[in-house]
Amino acid sequence: MKFEARKIRLIMDLRKKGITSTNVLSAIEKVPREKFIPITFIDQAYENSALPIEEGQTISQPFIVAFMTQALSLERKSKVLEIGTGSGYQSAVLSYICRRVFTIERFDSLLKIAQSKFFISNIHNIVTRHGDGYLGWPEQAPFDRIIVTAASKSVPEELVKQLAEGGIMVIPLEDSQKNQKIYLIKKVGEQIFTEPLVPVRFVPLVEGKIS
Ligand code: SAH
């Protein structure tokens, strides 16, 4: 009950901030965010803020999760790849909108926790992989949508290759002044269109190091 009232308040706040997609709002409503965060922060489960998780990583702010998900223009049939499973919360939101979600995390410990959260939340359409997200998931490519939830200095080439024709990617990119923005990338034929969206603060996308 306590969580339900806070969740409704959060959904109203997201609407006010420009989240209009009913798919996205209803997915946020369905995912129990309190299950995806460490118990110490459980009281803040429905605050619109990022929170620390294990391995010094973070679960993103609900607004950013909703914003990036909305920017992906998902359809039920979209095959989605997420880089940076973290808590598993973003994957869970995607799993309520799309039939198939693939997610890669570089920390095996985080992946094990996330997998248990999917199980207890009765989510069975997320496939996980322990590995370096820079390399994508070639065996499963092409993907209709790719979402990167850690900040990179440039768009990883492999991910562009693994994006389907007509596909969309959202990714936080960091410039030389360490400012980050989410970018929307569209692949149309041989061409790549890039559009900056909003400023953000993500943990770094770390290349070539899995733990
Ligand atoms: N989507 C997550 C956000 C997690 S923070 C959530 O909803 O909670 C970003 C995550 O990206 C961290 O868990 C970090 O370990 C992971 N990460 C960073 N670099 C990576 C890489 N090269 N490959 C896979 N995961 C990576």
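A residue counts as near a molecule or strand if one of its heavy atoms lies within 4 Å of it. With that in mind, the ligand is a friendly place to begin: of the 26 residues around the ligand, Ser-87, Glu-105, Asp-132, Gly-133 and Val-206 come nearest. The model is predicted, so local features need pLDDT of at least 70 and side-chain atom pairs count only at pLDDT 80 or more, whereas totals for chains, interfaces and linings use all residues. Residues are numbered from 1 along each chain as its sequence is written, and side-chain values use heavy atoms, with hydrogens and water left out.

An oxygen atom of the ligand lies 2.6 Å from a polar side-chain atom of Glu-105. In the side chain of Asp-132, an N or O atom is 2.9 Å from a nitrogen atom of the ligand, and for Thr-149 a side-chain N or O atom is 3.0 Å from a nitrogen atom of the ligand. Taken alone, the ligand exposes 580 Å², and the protein buries 100% of that (accessible areas come from the Shrake-Rupley method with a 1.4 Å probe; for residues, only the protein chains shown count as cover).

Two or more residues of the shell around the ligand come from each of β2 (58-59), α4 (89-95) and β4 (100-105); helices (H or I, at least four residues) and strands (E, at least two) are DSSP runs, numbered from the N terminus.

Elsewhere, the structure holds 8 salt bridges, each a side-chain nitrogen of Lys or Arg within 4 Å of a carboxyl oxygen of Asp or Glu. One of them joins the side chains of Arg-9 and Glu-47 (3.6 Å, N to O). Because Arg-9 belongs to helix α1 (residues 2-16) and Glu-47 to the loop between α2 (22-30) and β1 (51-52), this pair ties together parts that are 38 residues apart in sequence.

The backbone deserves a look too. Most residues other than glycine have a negative phi, and most peptide bonds are trans. Glu-55, in the loop between β1 and β2, has a positive phi of about 60° although it is not a glycine. The peptide bond from Ala-141 to Pro-142 is cis, with omega near 0°, and Pro-142 is placed in the loop between β5 (126-130) and β6 (143-148).

Key. Polar contact = N/O pair within 3.5 Å; in protein donor to acceptor, adjacent residues only side chain to side chain.
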